[in-house]
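Dear colleague,

Please find the structure below, handed over for your review.

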Amino acid sequence: MGYPCLELTQNPNYYKTQVDAMNRLVNGNEVDCHKQLRVNRHAFFRLCCLRRGVGLGDSRNFCLEERVAIFLWILAYHTK
């Protein structure tokens, strides 16, 4: 089951570097995604789909994928 490449759109409220970093993380190398988030890209996309399924979406400052990535990074590295 393959997921289409996620291409985040440029939103005036987002900084270009944030969007570029997320695109590199989720659309780039599988190894880089696993190093940063401790999950593969399939699991990451599945978590995002599950979150959208319960009604959560983009906020004013962060897209849902970025929020999920931040959450996973905090869990992976035991940081605040």
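**Overall composition**

Of the 80 residues in the protein chain, 28% are buried (under 20% relative accessible area; exposed is over 50% and partly exposed lies in between, with a 1.4 Å probe and protein chains only). This is a predicted model, in which local features need pLDDT of at least 70 and side-chain atom pairs count only at pLDDT 80 or more, whereas totals for chains, interfaces and linings use all residues. Residues are numbered from 1 along each chain as its sequence is written, and side-chain values use heavy atoms, with hydrogens and water left out.

The protein chain has four helices and zero strands, in the order α-α-α-α along the sequence. Helices (H or I, at least four residues) and strands (E, at least two) are DSSP runs, numbered from the N terminus. Among contacts (heavy atoms within 4.5 Å) between residues at least 6 apart in sequence, 44% join residues at least 24 apart.

**Confidence**

The mean pLDDT (the predictor's confidence in each residue, from 0 to 100) is 82 for the protein chain, and 81% of its residues reach 70 or more. Confidence is lowest in α1, with a mean of 80, and highest in helix α3 (residues 41–53), with a mean of 92. Where pLDDT is low, the predicted coordinates should not be read in detail.

**Salt bridges**

The structure contains two salt bridges (a side-chain nitrogen of Lys or Arg within 4 Å of a carboxyl oxygen of Asp or Glu). Together they link Arg52, Asp58 and Glu65 in a network. In one, the side chain of Asp58 meets that of Arg52 at 3.3 Å, N to O. Asp58 is partly exposed, at a relative accessible area of 47%, and Arg52 is also partly exposed, at 39%.

In the other, Glu65 meets Arg52 at 3.1 Å, N to O. This pair links distant parts of the chain, since Glu65 lies in helix α4 and Arg52 in helix α3, 13 residues apart. Glu65 is buried, with a relative accessible area of 6%.

Glu66 lies in helix α4 (residues 64–77) and, leaving aside its neighbours within four places in sequence, is in contact with Gln18 and Met22.

Asn27 lies in helix α1 (residues 16–27) and is partly exposed, with a relative accessible area of 22%. Asn27 and Arg41 are 14 residues apart in sequence and 8.2 Å apart in space, C-alpha to C-alpha. At the start of helix α2 (residues 30–37), a side-chain oxygen of Asn29 comes within 3.1 Å of the backbone nitrogen of Val31. Just after α2, Arg38 adopts a positive phi of about 65 degrees.

Kind regards

Technical notes
Polar contact = N/O pair within 3.5 Å; in protein donor to acceptor, adjacent residues only side chain to side chain.
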